[in-house]
Amino acid sequence: MGPAREESAARPAAGLEGLSTYRIETWGCQMNEHDSEKMAGVLQSLGLRAAPNVEEADVILLNTCSVREKAAHKVFTRLGQLKRHKTARPHTVLGVCGCVAQQEQERIFARAPYVDLVMGPRRLDALPELIEDSRRRRRALAVFDPKESLVPENEEVLRVSRTRAYVTVMEGCNKNCTFCIVPFTRGREVCRAPEAILGEARRCVAGGLIEIELLGQNVNAWHHPGGGGQPWDFTRLLGAVARVPGVRRVRFTTSHPLHFKNSIIEAMAAHDAICHHLHLPVQSGSNGILGRMHRGYTREQYMDRVARLRERIPDVTLSTDIIVGFPGETDHDFELTMEMVRLVRPDSIFSFIYSPRPDTPAAEWPDDVSPATKKDRLHRLQRLQDEIQMEKHRALEGSLMEVLVDGPSSRKPGQVCGRTSQNHLVNLPGDPSMVGRFVPVKVTHAGLHSLTGLPESHLTS
Ligand code: SAH
Ligand code: F3S
């Protein structure tokens, strides 16, 4: 911890004079959302406060995603827009953080010379110094060395939700899916110690956050960082978090099918606090494609996992990720994916058009599915999923579900929203005093992406 952090929160730390507000824009996954919470925590501890909009911000940080080319492009489009702002207010510190920062490093300064700082994931510790440096000599850079296995512990986290807390269990990924840039941008796996994870969960509960979401790119590969001989695996960690007094809900993301052991299913069945929802990316329904993706399982093995999960936890919901148009994906391969979706009937799907990423093995292969075919496959898959999803949501109409109210609804004033254990988004009439409460809700209307309901108390009174 640098001396700057000990400054009072009322005025900016030394070296940061003239800076009083910040704005962070976030793209990408939950890990990025959580990194932004950590960045905000660091900035607040330096005496800065959140700006209501980008125009009034003295420090602007873009926390970026490079998992697909489109996401990485958006960063440079956004930088182009912010250039005007930087010219009008030259004292503004403009930073690029996250995966594009790690991937592009100094090249960001070459493409956007008005950028002041570049900070990769795992380097949040460097943020105060980077801001100071950028004011003295511009172009401050901190990225991590992939050989380095250190991840700084962040004490200051400014959490967005008043009920839910993200808790990182591991950084990076040791899988080498042939399409994926994450092992390059977030590095090799580094696990946090169980004491650190459980300590953070306890602090969250003390602060009123009763739902803990454990985060890792390959969360179920978590193991004790002490290495072999330590009787800790992800199943045990999950149970230990579920038993922390005051923890009412536990989620975890993202699981890899290869490490999704029966013991995790048993833990989900055994602990009331563990939510009945699983995100288990399948990527494709064709064994040929799965093999070339280097995923390490077959469609049969995936379906077997899901069958086992549903047998033990009948009301569990399943979400998955699917890529269409992977190099060499034939019509037949794609039909196998469609068939698999019809058989598995996921509760939701995140579907993507394959995008070649720098340094990945698949980027060396001919990207031979035409853009029109890729689009057509994506649409067909999404239409199929919409049908399945709508049917599943309609079947919930009239049922009673327990909703943990998370905040005001973005749809209508006088409404709040929350999630069921199965991760359904539910809107209901209510006011902010309900945040953090579990409310039994009768589902009155099913939409494609959310449900509407009435609190049980409304029905009986
Ligand atoms: N294990 C990670 C995966 C990160 S990437 C996690 O925590 O979610 C999220 C999803 O993006 C992947 O599951 C995959 O479906 C998709 N994806 C990754 N690389 C991609 C690429 N090159 N083109 C298209 N989609 C991709
Ligand atoms: Fe990416 Fe595969 Fe890891 S999708 S994050 S390399 S499990």
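This briefing covers salt bridges in the structure above. The model is predicted, so local features need pLDDT of at least 70, side-chain atom pairs count only at pLDDT 80 or more, and totals for chains, interfaces and linings use all residues. Residues are numbered from 1 along each chain as its sequence is written, and side-chain values use heavy atoms, with hydrogens and water left out. The count comes to 25 salt bridges, a salt bridge being a side-chain nitrogen of Lys or Arg within 4 Å of a carboxyl oxygen of Asp or Glu.

**R164 and E211**
- R164 and E211 form a salt bridge with an N to O distance of 3.9 Å.
- R164 lies in strand β7 (residues 164-168) and E211 in strand β10 (residues 211-215), so this pair ties together parts 47 residues apart in sequence; strands (E, at least two residues) and helices (H or I, at least four) are DSSP runs, numbered from the N terminus.
- E211 is buried at 3% relative accessible area, whereas R164 is partly exposed at 24% (buried means under 20%, exposed over 50%, partly exposed in between, with a 1.4 Å probe and protein chains only).
- A network of salt bridges links R164, E211, R249, R251 and D406.

**R345 and E391**
- The closest N and O atoms of the R345 to E391 salt bridge are 3.1 Å apart.
- R345 sits in the loop between α12 (331-344) and β14 (348-353), and E391 in helix α13 (residues 371-394), 46 residues apart.
- R345 is partly exposed at 30% relative accessibility, and E391 is partly exposed at 44%.

**D304 and R305**
- D304 and R305 also form a salt bridge, at 3.9 Å from N to O.
- D304 is partly exposed at 45% relative accessible area, while R305 is buried at 15%.

Note on methods:
Chains are lettered from A and ligands numbered from 1 in the order in which they are written.
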